Amino acid sequence: MTRPESRRRPSIAMKPGAGVAAIRAAAMIAIAGAAIAATAGVATAASPFGLEQLAASLAGESRREADFRETRHLAALTAPIVRTGTLVYVRPDRLEMNVATPAPEQLVIDGGILTMRSASGVRKLRLDSEPLLRAWTESLRATLAGDLPSLTRDFLATLAGTPDAWKLALEPRDATLRAQVAVIDITGKGSAVTQVEIVEQDGDRSVMDIVARPLRAP
Amino acid sequence: MTPRARALLLPAIALLAGAIYLWSSMRVDRDFAAFLPHGADATQRLVMQQLRDSPAARLVLIRLRGADPQTLAATSEALREALAADGHFDYVTNGSLAGALRDLPSLAAARYVLSPDAASHMSVEGLHSALQRRLAALSGSMGMLEKRFLASDPTAETEALIASLQAGGAPRREAGVWFDAQGSSAMLVARTRAAASDQAAQQAAMQALDAALQRVRTQPGIAADYSSAGFLGVRSALLIAHDAARVSWMAVAGIVVMLLFAYRSPSVVLLCATPALAGLVAGLCVLTAMFGSVHAITLAFGTTLIGEAVDYPSYVLTRLSAGRSIADVQAVVRRPLLLAVLTTACGAFAFLGSGVDGLIELGVLTSCGIVVAGALAWWLVPRLVPPGWHFAAFAMPGSVALGPAGAWPAVGAAPRALAAIAVTLVLVVSAAGKPAWNDDPARMSPLPADAIALDRVLREATGAPDVSRFALVRGSSREQVLQAVEQMQPVLDAAIAAQHLGGYDSVGRYLPSEATQRTRRDALPDDTTLQHRLSLALPGLPFRAEAFAPFLRDVALARSAAPLDPAAFAGTGLGLRVASLLGSDPDGYWSVIPLRGVRDAQALADQVRATSAAATLIDLRQQTSAMFAQFRARTFAAIVAGASAIVLILAIGLRSLRAAAAAIAPSLLGATWTAAGVIAFGGGLSIFHLIALMLVLGIGVNYALFVQRAASRGDSLPELCVMLAVVSGTTCLAFGAMATSGIPVLRAIGLTVVAGTVATLAACALVFAPGAGSAPVPAAGRGS
């Protein structure tokens, strides 16, 4: 009964599952939110372009909307998966991701709760029930608030380029998260975020292109 | 040194030595279970063990109310973190993500033996439709989660397992954490590290929980309450301790005041108290030497012992009127006093056969205490009575009605017999048709009804199993038990379908029998077959065949893996669940199947019995009732034996069977009346009422002996009445104090003894009359 090798059971290369998905979803809309928030920022760059300056410009108005197109490149698939829809950010802490294709779905972060609505029903998750989730929401809050100390506490942030064409690389500091996510690249033009790319350690990646919508009349 | 001081010296030294011994060695046990019977068979022992120490009994159910769901959820989460970091608790969950994540790897690792139909998903068609579903899921927002499962688990067995484990019983979720069905209270479940019966540790856990609740309460409006078997135990222990102390002080104070009124001399009151105190200390010393500890309820009975032992000096002192010498009085009361002590001690001895720890303690305490107190009273009184002190009889209220001083009312035997028969008839008729016995353990619980109601509400809200109802499977090996559990599952599923049952939890969900595991393993396709089927299932789908290598590897591993055992789940919530559902004891292996929402217990019990000889449906309340009934029967037998011993002692002591019968007749009458009264108006007799009746029998015989003596001698009736007033007054005060207790056991005994004492006194009046009705007592002592 004590042969160690015979005790081996089928192992599954699985990291904590539901949590990761939720984190990912949260992260996706958090970053998207940061992006639309940023599109409203003022792109005046008098000083040399740095994190401080980008953070200062990443501040939005009360409500922003954007269209997105997400392309998922997975090693297991012969063709990428494409998703489209809209993003809505309402200051200070509400974010919506409304997926139109291939299947309608809605994700909402509001007051620390992530709500997922799809054909299969409604799921709710508390963002602060997991340190990882908390790190992600903090990154959102910090980004929107231009709170650079918090942002750099959770991620190793590297900024490259010019104010007109910049790329912010965020590497997770948390080991569990880093085991899955290699880097999050945020590309922007002035105060507008145009693309969010999440690169996973296994090479799979997801690219989200963001186009801000004109502000609706109040 | 005066002779009086010398006389006090020896008992004082003995008392002091006894007190020091008690101070250093005696532990006070507050576990109510000492007053529950031991299990007679394996099932009963397990039931008692489950009641006291099962992991289910260690569960603490917590409810947070009084704020909006968001705030409550945040508080719930903060409390979960606080308790998870607290050493008093080894498990805490509020339904949030963090807890679920811990179980996932071990569940996933065992998926192909836990899933009942994994093999059927591995046909070509099964694989094709599973992959179609995976593709749809990959396109969703949870797609990245799906990606994790995809390569190794394309048939999504893990996901299905999680869903089946959560189906039914899991509380509603609001804001990511558990809420009650109304959505107004956040619910948490924690588990104490210590056993439910470990009172000190449970109390510490309770304090830790209170402190944690204080810390996490961000809004004053948030109300928290909680319940657990262990905490209820602590609560009842505190209630018992508190009440026992209160009852003791009340009784002692009442008796002292009464004796001061009767004797008007503090030193005489001290003289009365000394033998009783010595008897109590001696009894406790014997108990400590025998068991090491004394139960708080037994201690409370110490006061009843005082109530009776304090009477022994009174039997002498109340007769010590002016002009009589102590030697005279002692000569008159020697025989009845000796018989009184012996009969009481014998009666208490009967408790030794009850099989209930607390009652055995009580029997030892009473019989030792009474003998010591009686002997000491006899020895001390002549040596310690203050010189020149005499008893000044006080006027009894209503003594005028008794007629001229000293005369016994001349009532014939026939009217007295008629009166006795009439009273008996009235009581028996009013008791007729009502159940004689009541063994409902709930009646004996010291807990207030609202505490029990809260426990039920919290249990329902958290979906925690009903601790009082479960199916029990026994066997000689783990495999045998697991197979029997699997046999039970379809029956229970059918019962759910038939609305007899709300739900159940079974160890079979987490740990199938080796036979079932083997069947499931053998049904898995071999590597070549699976690879071939996969290649046939893939066309038309955008998956790369080589992506599923981990799947092929895991299925191959599952086919050759050693059987799953409980160790596979060590350190997870699943492991805790398995440990609470499956275990072993000296009688073999057992598994508990907790049941929820039992609607038709009889139908279920019949189905369970018909399915497997190894399984029984346990209704804890019924089981404990049955146990109480069994022990009540044993106690009844013990009481009959005790009563016979009393008659024997009386017959020998009085040298006349007829006199013995007369001496026990009033107490038998009194006990019968009281029993009929309890049945008629008190909801039926329990084991504790029987004990009280046994005490009534012992006390009544004491009174009867003295009344008999007085009647046969034609003693002054007022003098007899005053004596009876003093001795029955102390008894009624001691037991009356018990009757005020909030603990049902103490209250039942207190009320019964007071009623019985009064009834016996009344019966004495009916049985005895000078010259008529009572047998002449042999000459011994008369005129000496």
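Helix H21 of chain B covers residues 549–560, 12 residues in total. From its first C-alpha to its last, H21(B) reaches 17 Å, close to the 16 Å expected at 1.5 Å a residue. The model is predicted.

**Helix H21 of chain B**

- Which residues of H21(B) are buried? They are Phe551(B), Asp554(B), Val555(B) and Ala558(B).
- Seen down the helix axis, the buried residues of H21(B) fall within an arc of 100°, so they line one face of the helix.
- Ala549(B) and Ser560(B) lie on the other side of H21(B), and these two are exposed.
- What do the buried residues of H21(B) pack against? Their partners in chain B are helix H5 (111–114), helix H19 (514–523) and helix H20 (527–537).

- Strand S2 (residues 81–90) pairs with strand S3 (residues 94–101) in chain A. The pairing is antiparallel and has 7 bridges.
- Tyr89(A) has Leu95(A), in S3(A), as its bridge partner.
- S3(A) also pairs with strand S4 (residues 105–110) of chain A. These two strands run antiparallel, joined by 6 bridges.
- Leu95(A) stands opposite Ile109(A) in S4(A).
- How many residues does the hairpin use to join S3(A) to S4(A)? The hairpin joins them through 3 residues.

Key:
Residues are numbered from 1 along each chain as its sequence is written. Chains are lettered from A and ligands numbered from 1 in the order in which they are written. This is a predicted model: local features need pLDDT of at least 70, side-chain atom pairs count only at pLDDT 80 or more; totals for chains, interfaces and linings use all residues. Helices (H or I, at least four residues) and strands (E, at least two) are DSSP runs, numbered from the N terminus. The expected span of a helix is 1.5 Å times one less than its number of residues. A residue is buried if 20 or more other C-beta atoms lie within 10 Å of its own, exposed if 12 or fewer, and partly exposed in between; C-beta atoms are placed from the backbone. The arc is that of the directions from the helix axis to the C-beta atoms. Two residues are in contact if their C-beta atoms, placed from the backbone, lie within 7 Å. Two strands pair if DSSP finds at least two bridges between them.
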